[in-house]
Amino acid sequence: MPLTVVVGGQYGSEGKGKMVSQLAEFEAPNVAVVRCGGSNAGHTAEGALGRALLRQLPSGAVEPSCQLFLAAGMQLDLDALHLEIEQLHIEPSRLCIDPGAVVIESDDRTTERSHQLYHRIGSTLTGTGAAAARKVIRDPQLRRADDIQELRPFIGNVSESLSELLDQGHNVIVEGTQGAGLSLHHGPYPYTTGRDTTAAGFLSEAGLPPMRVTDVVMVLRTYPIRVGGPSGPLHKEISWDEVRQRSGYPSALAEYTTVTGRLRRIGEFDWPLAQNAIRLNGPTSLALHGADYLNHRDLGARTWEELSVTTRRFVERLERELGVPVHYVFTGPDGSDLVDRGKDHRLSHGSAEKDHSVRKALAS
């Protein structure tokens, strides 16, 4: 049955959380979501349980019937995790945490500060990278999830459980973190995050084989953003007021990061960056966020016909130049602000033959 990987194609904050929570709602009740990454990335999810800003739990947490998993490759911020479990009333029957996930300690945050990672690369200083490094060097003081008494009821083999769910016909969604432009291996080093942020990297963290994947949904923004501060290159950086003037928004525009609360940097759409992300991830479909930033009149649109000529032309150019169909166009801050062009694709359960023919036709 379908195994979908959701990845970012730029520098994170593309809207992966909204995409995952929408997919979880579409596929309910037989759906599971596995989260990768650490507490340095926050996702906004919206579903039957309302809107939630999540740094640890998968974005499927807002869909009551969704099974939740934290991958072996994760770094756990225990305070953030406990708070999210409590706020969303998550029972052990819904959440499985792999024993291999590592715990972020206060010393990890101190280590990142002492290395001046904010001043050097705009780090969020959550300790995520330092904890991952201690896992690599086999620090004898490293604590893993199964070392934490209060997490014991949630502990289980995530790889094995996900494989069993796929065998039983469930839909499984792998929720990636950040974006391909921040990959430790393929991004503009040293202005990267501390892990690989491609579909292959997330599958490895979750313990799933590539051959089981049916879909890779890559999420893009009309205007890419980066975390505030000295976080690295951003193609043709502009101001939020410039976006407001272009789009015709009647009020001021600004976005702030979920984790640090910093004003995000924003720039023009970077075509080479997107094309590189296509090569790294091999997506079967695209999701586009920020149609309303192209034209304010697109705010809340739910059909292709409602979209402005400006946005429709941009979507058509994406498909033409990237050779991948755009199945989802988000038109505002709410999850329901969505033009869903992927219904037929979902009904086909990700037919590889159909996807290949579509990609070939678009590329010609």
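## The nine-stranded sheet

Start with the open sheet of nine strands, which has mixed pairing and runs in the order β7-β5-β2-β9-β1-β10-β14-β15-β16. Keep in mind that this is a predicted model. At the edges you'll find β7 (95-97) and β16, each with a single partner strand, so one side of each has no neighbour in the sheet. On average, and ignoring direction, neighbouring strands of this sheet are turned by 20° against each other.

Strands of a sheet pair through backbone hydrogen bonds, and the pairing can be parallel or antiparallel. Both kinds turn up in what follows. Take β1 (residues 3-8) and β10 (residues 215-221): they run parallel, joined by five bridges. If you want a residue pair to click on, Val 6 sits opposite Val 217 in β10.

Further along, β14 (residues 285-289) is joined to β15 by four bridges, and these two also run parallel. Leu 288 has Val 329 of β15 as its bridge partner. On to β16 (residues 338-340): three bridges link β15 to this strand, and here the two run antiparallel. Phe 330 faces Leu 338 of β16 across that pairing.

Two bridges hold β12 to β13 (residues 265-267), and the two strands run antiparallel. Within this pairing, Ile 238 is opposite Ile 266 of β13.

## Helices α3 and α5

Two packed helices are described by the angle between their axes and the distance between the axes. For α3 (residues 106-114) and α5 (residues 128-136), the angle is about 105° and the axes are 7 Å apart. Angles of 65 to 115 degrees count as roughly perpendicular, so that is the label for α3 and α5.

On the α3 side, the contact is made by Asp 108, Thr 111 and Glu 112; α5 brings Thr 128, Gly 129, Ala 130, Ala 131 and Arg 134. Sorted by class, the contact of α3 with α5 has two nonpolar, three polar and three charged residues.

## Helices α9 and α11

The other pair is α9 (residues 271-281) with α11 (residues 309-322), which pack at an angle of about 55° with their axes 11 Å apart. The two helices are therefore oblique to each other. As for handedness, α9 passes α11 in a right-handed crossing.

From α9, the residues in the contact are Trp 271, Ala 274, Gln 275 and Ile 278, while α11 supplies Phe 314, Arg 317, Leu 318, Glu 321 and Leu 322. By class, this contact of α9 with α11 splits into six nonpolar, one polar and two charged residues.

Note on methods
Residues numbered from 1 in each chain as written. Predicted model: local features only at pLDDT ≥ 70, side-chain atom pairs only at ≥ 80, totals over all residues. Heavy atoms only, no water. Axes fitted to C-alpha atoms, helices over the stretch in contact; angles between N-to-C directions. Parallel < 35°, antiparallel > 145°, perpendicular 65-115°, else oblique. Contact = heavy atoms within 4.5 Å. Nonpolar A, V, L, I, M, F, W, Y, C, P; charged D, E, K, R; others polar. Left-handed = near helix turned anticlockwise from the far one by under 90°. Pairing = 2+ DSSP bridges.
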